[in-house]
Amino acid sequence: MVTVTLRPSEMATCQIIGSMRSLVARGNSITDRKVGNQDGTLADIQGVVAEYAFAKKYNCFFDLGLEPRSGSADGTINGDRYDVKSTTYQSGKLLASLKVNPDVDRYVLAIVDKNTVSLIGWAYKNELIKEENLRDLGHGKGYCLEQTELHKFK
């Protein structure tokens, strides 16, 4: 596990970008694909915090775009397109919706606790998106891997 702590100014930037992304997406009828019953705007902010922390740690570009999008990758590292999935649960799992994202090669699990982000591990798309990983955690079926099933960051 790798831990990244964000400064107050970085958190404020993430909150603004997350809020704006949420407004733009809902204003353009983009379906919210969050897995869970949390507030959509808060989930978008949490997602931006996780994406920013990953980009900060691995010195890769953080996408500041606010255009409406459904799917797409959060960024590229070592030639692979990645999607950071975030949760606030310490026992959180790597989750993906049934809508398969053609623009992603790797999925990353991040646990967000205020301004601290724990990068737990990652999985290739073909390791996560397969029938034996389908589970219903109370909010409909989706793909799921336990933390112990993820590749660890070096």
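## Reading the salt bridges of a predicted model

Reader: Does Asp-83 count as buried or exposed, and at what relative accessibility?

Author: Asp-83 counts as buried, because its relative accessibility is 8%, and the cut-off for burial is under 20%. Please bear in mind that the model is predicted.

Reader: Which residue forms a salt bridge with Asp-83, and how far apart are the closest N and O atoms?

Author: The general idea is that side chains of opposite charge can pair when their charged atoms come close. Here the partner of Asp-83 is Lys-85, with 3.2 Å between the closest N and O atoms. Lys-85 itself counts as partly exposed, since its relative accessibility is 24%.

Reader: How many salt bridges does a search of the whole structure find?

Author: The search returns nine salt bridges. Among them is a network that links Arg-7, Glu-10 and Lys-56.

Reader: With which residues does Glu-146 form salt bridges?

Author: One partner is Lys-93, where the closest N and O atoms are 3.6 Å apart. Glu-146 lies in the segment after β8 (141–145) and Lys-93 in the loop between β3 (80–87) and β4 (94–96), so this pair ties together parts that are 53 residues apart in sequence. Another partner is Arg-135, for which the corresponding separation of the closest N and O atoms is 2.8 Å. Because Arg-135 lies in strand β7 (residues 134–136) and Glu-146 in the segment after β8, that pair joins parts eleven residues apart in sequence.

Reader: Where do the mean positions of the positive and negative charges lie relative to each other?

Author: For the 20 positive and 19 negative charges of the protein, the mean positions are 2 Å apart.

Reader: What pattern does the protein follow along its sequence, and why can it be called as compact as a globular protein of its length?

Author: The three helices and eight strands are arranged along the sequence as β-α-α-β-β-β-β-β-α-β-β. The radius of gyration is 14 Å, close to the 15 Å that the globule rule gives for 154 residues, so the protein is as compact as a globular protein of that length.

Reader: What share of the residues counts as buried, and what share of the contacts joins residues at least 24 apart?

Author: Of the 154 residues, 45% count as buried. Considering contacts between residues at least 6 apart in sequence, 62% join residues at least 24 apart.

Terms used:
Residues are numbered from 1 along each chain as its sequence is written. This is a predicted model: local features need pLDDT of at least 70, side-chain atom pairs count only at pLDDT 80 or more; totals for chains, interfaces and linings use all residues. Side-chain values use heavy atoms; hydrogens and water are left out. Helices (H or I, at least four residues) and strands (E, at least two) are DSSP runs, numbered from the N terminus. The radius of gyration is taken over C-alpha atoms; the globule rule is 2.2 Å times the number of residues to the power 0.38. Buried means under 20% relative accessible area, exposed over 50%, partly exposed in between (1.4 Å probe, protein chains only). Contact means heavy atoms within 4.5 Å. Lys and Arg count as positive and Asp and Glu as negative; His and the chain ends are not counted. The place of a charge is taken as NZ of Lys, CZ of Arg, CG of Asp or CD of Glu. A salt bridge is a side-chain nitrogen of Lys or Arg within 4 Å of a carboxyl oxygen of Asp or Glu.
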